[in-house]
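User: Please take me through this chain by question and answer, giving the cut-offs behind each term as it comes up.

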Amino acid sequence: TAYFEYFDKLRSKNERIKRGDVIIKSSDDDAVEKLRSKLDILVKNQELMKEVNKINRSEKNLEEKTKLLKNIGVKDKNIDGMLGSCFESYALTNNNAKIKATQQRLESIAKTKSKETNETAYEGFVIVNNTTEMRIQFIFDEKPNDEIRKVFKSNAFRWSPKNGAWQRQLTNNATYITNKFVIPSIKELLQ
């Protein structure tokens, strides 16, 4: 697809994002596939922007430039807007940054989802590294006291009635905080 068509689609996509229809959640079953698709689009757009800039900077006449733009997939209705104008360097830089961020997120989620869900039992509670839901979950035998709930809240854990657990998104930072601060604090408070 042509670059301008992509931006036309972004307008409607922004509306869907506001409604939450397009957000790629790490807990989605097909999050890895969605991220791969997003990455493909970003890479194709980067290549298209470079090609359009190369064509517009060339010494060719308008007729030759029009033909070259058609050859790279630009539709007739978008050619006038692309002729003679180059994409700004910031547009290429921003798109490249999005590519890198998407690649990193894709690698992180793929790595986490490739692991199996595991549980660690302690006296009074169980910790579940739930790779399906992409959550670290604390499940208690009985309702934890106020001090324990304060520990969870101050470390970005939230109560999930659906899962019956105190949970937080499963990230490297969440794992570190859980092991370094949350588990020792809860063990101390349960004694």
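This is a predicted model: local features need pLDDT of at least 70, side-chain atom pairs count only at pLDDT 80 or more; totals for chains, interfaces and linings use all residues.

User: How many helices and strands does the chain have, and in what order do the elements run?
Analyst: Helices (H or I, at least four residues) and strands (E, at least two) are taken as DSSP runs and numbered from the N terminus. On that basis the chain has seven helices and five strands. Read from the N terminus, the order is α-α-α-α-α-β-β-β-α-β-β-α.

User: What percentage of the residues in the chain is buried?
Analyst: Buried means under 20% relative accessible area and exposed over 50%, with partly exposed in between, using a 1.4 Å probe and protein chains only. Among the 191 residues in the chain, the buried share is 35%.

User: What share of the accessible surface belongs to carbon and sulfur atoms?
Analyst: Accessible areas come from the Shrake-Rupley method with a 1.4 Å probe, and for residues only the protein chains shown count as cover. The chain has an accessible surface of about 12500 Å², and the part of it that belongs to carbon and sulfur atoms is 47%.

User: Are H2 and H3 roughly parallel or roughly antiparallel?
Analyst: Axes are lines fitted to C-alpha atoms, for helices over the stretch in contact, and angles run from 0 to 180 degrees between N-to-C directions. Helix H2 (residues 31–57) and helix H3 (residues 62–71) have axes 10 Å apart and pack at an angle of about 165°. Angles under 35 degrees count as roughly parallel, over 145 as roughly antiparallel, 65 to 115 as roughly perpendicular and the rest as oblique. H2 is therefore, relative to H3, roughly antiparallel.

User: Is the crossing of H2 and H5 left-handed or right-handed?
Analyst: The axes of H2 and H5 are 9 Å apart and the two pack at an angle of about 160°, so these helices are roughly antiparallel to each other. A crossing is left-handed if the near helix is turned anticlockwise from the far one by less than a right angle, and right-handed if clockwise. For H2 and H5 the crossing is left-handed.

User: Is Asn53 buried or exposed?
Analyst: Asn53 has its place in helix H2 and, leaving aside neighbours within four places in sequence, is in contact with Cys86, Phe87 and Leu92. Because its relative accessible area is 2%, Asn53 is buried.

User: Which residues does Thr112 contact, leaving aside its neighbours within four places in sequence?
Analyst: Thr112 is found in helix H5 (residues 89–114), and it counts as buried because its relative accessibility is 15%. With those neighbours left aside, Thr112 is in contact with Thr131, Met134 and Leu170.

User: What is the phi of Met134?
Analyst: Met134 is found in the loop between strand S2 (125–130) and strand S3 (135–140), and with a relative accessible area of 2% it is buried. Although Met134 is not a glycine, its phi is positive, at about 55°.

User: At what angle do H6 and H7 cross?
Analyst: Helix H6 (residues 146–154) is roughly antiparallel to helix H7 (residues 172–190). Among the residues that meet are Val151 and Phe152 in H6 and Ile186 and Leu189 in H7. The axes come within 10 Å and cross at roughly 175°.

Conventions
Residues are numbered from 1 along each chain as its sequence is written. Side-chain values use heavy atoms; hydrogens and water are left out. Contact means heavy atoms within 4.5 Å.
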